Amino acid sequence: MSKAFTKESDGEDDEDLGLPALPAGARNYMTPLGYSRMRAELFSLIDDERPKVVEIVHWAASNGDRSENGDYIYGKKRLREIDRRIRFLTKRLEVAEVVDPAVHHGSEQIYFGATVTYAEASGTERTVTILGIDEADSLQGQVSWVSPIARTLLKSREGDALKLVTPAGVLDIEVLQVSYPAPA
């Protein structure tokens, strides 16, 4: 059968996009800020971007031959990308569990949302903030709550000595400081 007559899959897996997967049976923890950012992106796609692209595709389709119409071809591709992102955001927001880290303000124990400073045995100090899978940005010192460092740190307290398992071996670390955002 010719490839020209095969139907393109509408329900492409979101996991194929390289997006972080939720661990089986795990909750999708998010901070209130992370949740509101994802909602804002979802509504922006639905209310602003998608209608504009639909209008461009409609205009391009009315111009005639669609096989060589760049606006039409690109527009259809962009619509699929937008729809895929809308499905992804909708699924993630449906299972999101919003956790406000400010409720632990003043605590020395490490929970979701904590900013933790720890020292490695070599003397190197690092600071990380434990956030949700969809909101963590490693370039800003944020780690997902399912990452190895976060799993090692969770439930420990200031002054605890821990063992962090890495691909390079086991590192000894010590928790120096734990902080949470102030309540609003």
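In what order do the five strands of the open sheet stand? The order is 5-4-3-7-6, and the pairing is mixed. Here strands (E, at least two residues) and helices (H or I, at least four residues) are DSSP runs numbered from the N terminus, and two strands pair if DSSP finds at least two bridges between them. Strand 5 (142-144) and strand 6 (161-166) are the edge strands, each with a single partner strand, so one side of each has no neighbour in the sheet. From one strand to the next, the twist averages 45°.

The model is a predicted one, in which local features need pLDDT of at least 70 and side-chain atom pairs count only at pLDDT 80 or more, while totals for chains, interfaces and linings use all residues. Residues are numbered from 1 along each chain as its sequence is written, and side-chain values use heavy atoms, with hydrogens and water left out.

Strand 4 (residues 125-131) runs parallel to strand 5, and three bridges join the two; I130 has V143 of strand 5 as its bridge partner. Strand 3 (residues 115-120) pairs with strand 7 (residues 169-179) in the antiparallel sense over six bridges, with T115 opposite S179 of strand 7. Strand 7 also pairs with strand 6, in the antiparallel sense and over six bridges. In this pairing L162 has I173 of strand 7 as its bridge partner. Two residues lie between strand 6 and strand 7, which form a hairpin.

Turning to the helices, two packed helices are described by the angle between their axes and the distance between the axes. Helix 1 (residues 32-61) and helix 2 (residues 70-94) pack at about 155°, with their axes 9 Å apart. Axes are lines fitted to C-alpha atoms, for helices over the stretch in contact, and angles run from 0 to 180 degrees between N-to-C directions. Helix 1 and helix 2 are therefore roughly antiparallel to each other, a label for angles over 145 degrees. The residues of their contact comprise 17 nonpolar (Ala, Val, Leu, Ile, Met, Phe, Trp, Tyr, Cys and Pro), ten charged (Asp, Glu, Lys and Arg) and two polar (the others, Gly among them).

As for confidence, the protein chain averages a pLDDT (the predictor's confidence in each residue, from 0 to 100) of 87, and 86% of the residues score at least 70. Among the elements, strand 4 has the highest mean pLDDT (96) and strand 1 (residues 28-30) the lowest (91).

How values were computed. Parallel < 35°, antiparallel > 145°, perpendicular 65-115°, else oblique.
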